[in-house]
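User: I am new to this structure. Please pick one part, look at it closely and walk me through what surrounds it.

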Amino acid sequence: MSNPTRDSPALGFTATHGSGTGGPERRTLNACTIIARNYLPFARLLAESFAEHHPDGQLSCLIIDDTERVVDSSVEPFQIVHLDEIVNDRAELHRLAMIYDVTELATAVKPLLLRHMLAQGSHIVYLDPDIQLFAPLDDVVALAEQHSIVLTPHTTSPMSRDGRKPTEADILSSGVYNLGFLALGPGSEDFLAWWWERLRRDCIIDHQRMLFTDQRWIDFVPGYFRHYILRDPTFNVAYWNLDQRRLVWTGDRYEIDGQALRFFHFSGFNPERAYLLSKHQGHLPRVLLSERPDVSRICAAYSERLNKAGYGSDAVDSTYGWDLLPSGMKVDGRTRRVYRHAVKAAEAGAEPEPPDPFGAADVDAFLSWLNEPVNQGPRPTVSRYKLTLWHERSYLQAAFPNLTGPDAGR
């Protein structure tokens, strides 16, 4: 069993195995990531940096909305995986695509992708697409094979209570561990089954219900499964810990506290607003690029490479493939919530399952179902969609308090 509090400021070993010739040999490291089509430039840059430091490895990229196989795998620097390769049930695939928005879906299917990749080897590393590698990650192979699960906390030192963003409360609401990086090895199968069971229907962003995509669930891992908490400051460097880590450009490489930077996580960075480290820092950011010239340098270089990889280009499809129904209606967040509630009720045996929103047999069936009056009292009242809107808005409840009476018509 690993020690969850074990510090590892420098791992101090290289993952090797016998080559048969008396000398050590580097272990091949394979990795994967998940994107929608609009994030292709990020995935390309990740793949290029991965290949630079792991030329014998393979980066696989799950594209969740490339249903028509539009992306040409022969010209991309990664191996493409499609959603129907890891979700074999077409009806379930459509349920997931309607329940979740793009961020939620990309995180919900992570256990399925990792299980798919583990079936092809003894270990796998997941990396968010907005990550760039600056040094090899060989050490992680041995950690994953020894401890099954390798996690990185958002922070490894107490945060100042000065009102700047992010705060410790922000970290708590998002999860202690950042799932932009995860390494798995043998023995992680039970973890993936447990994780998928939760993410299948509860991978939503709802801070009031203590849910934030795939991350909040991982707070249970240290109490449930074999694991290793990697506290090396050169891993997963990002806006949430840069106030605690000194990034320096030496002229040859980037270093964190004198050690070679492994990878930088550009979470929330927008090349069109390159003067900000991350959109998630709010109006009182902990890290200002104007005060950190070396951080500004790494962001500027990343922005330049993103543009070369196609960011902002007309060749990159910015539309999300699961945002339109076959009828042409755009899906909004409320429709997704209505549908999720109905699916969960159907799976509990409380009501029939709603029509397949992306089914081709009757393109109007789902819209008719949304507009169908539902029983709120002795007789049908307002539609499913309007009832959800009423529950969300206190001013509507005040203006129309009696939905089982005259207020339904009003």
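Analyst: Start at H283, in the loop between strand 16 (263-265) and helix 11 (293-308). The model is predicted, so local features need pLDDT of at least 70, side-chain atom pairs count only at pLDDT 80 or more, and totals for chains, interfaces and linings use all residues. Residues are numbered from 1 along each chain as its sequence is written, and side-chain values use heavy atoms, with hydrogens and water left out. Helices (H or I, at least four residues) and strands (E, at least two residues) are DSSP runs, numbered from the N terminus.

H283 counts as exposed because its relative accessibility is 72%. The scale is this: buried is under 20% relative accessible area, exposed is over 50%, and partly exposed lies in between (1.4 Å probe, protein chains only). The C-alpha atom of H283 is 7.8 Å from that of K165, although 118 residues separate them along the chain.

A cis peptide bond links K165 to P166, with omega about 0°. P166 sits in the loop between strand 8 (149-151) and helix 7 (168-174).

Now go back to helix 11. Strands pair if DSSP finds at least two bridges between them.

Strand 13 and strand 14 are joined by three bridges, in the antiparallel sense. L247 stands opposite I256 in strand 14. D257 comes in the loop between strand 14 (254-256) and strand 15 (259-260). D257 is not a glycine, yet its phi is positive, about 50°. At 46% relative accessibility, D257 counts as partly exposed.

T213 also has a positive phi without being a glycine, at about 45°. T213 lies in the loop between strand 11 (211-212) and helix 9. T213 counts as buried because its relative accessibility is 4%.
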